[in-house]
Amino acid sequence: RGTSWLFATNENGEVLFSGQIRTGGSKIFTDNSQVNLRVGNAGGVDISVNGKDVGSVGADREVVNLTYNAD
């Protein structure tokens, strides 16, 4: 719904992605253990985890930190 920036790492701190996601864009992150996300403009992003829609994770212009485990 809006341009946002994402910083994604795995459990070991290895960077999976760092950059912007433009309106209408998508990214897929995978790891066997966990994925950590720092999301800027959280209101502009919809997230799905393991095929389940989580929806918006925050408000417009809000920065949020999220952790998703493999299970």
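## Ala70 and its surroundings

Ala70 touches Asn32, Ser33 and Asn50, not counting residues up to four places away in sequence, where contact means heavy atoms within 4.5 Å. Ala70 lies in the segment after strand E6; strands (E, at least two residues) are DSSP runs, as are helices (H or I, at least four residues), numbered from the N terminus. With a relative accessibility of 42%, Ala70 counts as partly exposed, because buried means under 20% relative accessible area, exposed over 50%, and partly exposed in between (1.4 Å probe, protein chains only). Ala70 is 62 residues from Ala8 in sequence, and their C-alpha atoms are 15 Å apart in space.

The structure is a predicted model, in which local features need pLDDT of at least 70, side-chain atom pairs count only at pLDDT 80 or more, and totals for chains, interfaces and linings use all residues. Residues are numbered from 1 along each chain as its sequence is written, and side-chain values use heavy atoms, with hydrogens and water left out.

## Strand pairing

Strand E3 (residues 34-40) has six of its seven residues buried, so E3 is largely enclosed by the rest of the structure. Two strands pair if DSSP finds at least two bridges between them. E3 pairs with strand E1 (residues 4-10) in the antiparallel sense over six bridges, and Asn36 in E3 is the bridge partner of Thr9. E3 also pairs with strand E6 (residues 63-69), in the antiparallel sense over seven bridges; here Val35 stands opposite Tyr68 in E6.

E1 and E2 run antiparallel and are joined by six bridges, with Phe7 opposite Ser18 in E2. The hairpin of E1 and E2 has four residues between the strands, and in this hairpin Gly13 takes a positive phi near 85 degrees.

## The aromatic pair

Rings of Phe, Tyr and Trp (its six-membered ring) pair if their centres lie within 6.5 Å; planes under 30 degrees apart count as stacked, over 60 as edge-to-face and the rest as tilted. By this rule the count comes to one aromatic pair. The ring centres of Phe17 and Phe29 are 5.9 Å apart and the planes stand at 45 degrees, so the pair is tilted. The pair links distant parts of the chain, twelve residues apart: Phe17 is in strand E2 (residues 15-21), and Phe29 is in the loop between E2 and E3. Phe17 is buried, at 15% relative accessible area, whereas Phe29 counts as partly exposed at 22% relative accessibility.

## The loop at Gly43

Gly43 is placed in the loop between E3 and strand E4 (46-49). This residue is buried, with a relative accessible area of 7%. Leaving aside neighbours within four places in sequence, Gly43 is in contact with Arg1, Ser56, Gly58, Ala59 and Asp60. Gly43 and Gly2 are 41 residues apart in sequence, and 7.9 Å apart in space from C-alpha to C-alpha.

## The largest pocket

On a 1 Å grid over the protein atoms alone, a pocket is an open set of points where a 1.4 Å probe fits, with protein on both sides within 12 Å along at least five of seven lines; lining residues have an atom within 4 Å of a point. The largest pocket is lined by 30 residues, of which Lys27, Phe29, Leu37, Ile47 and Ser48 lie nearest its centre. E1, E3, E4 and E6 each supply at least two residues of this lining.
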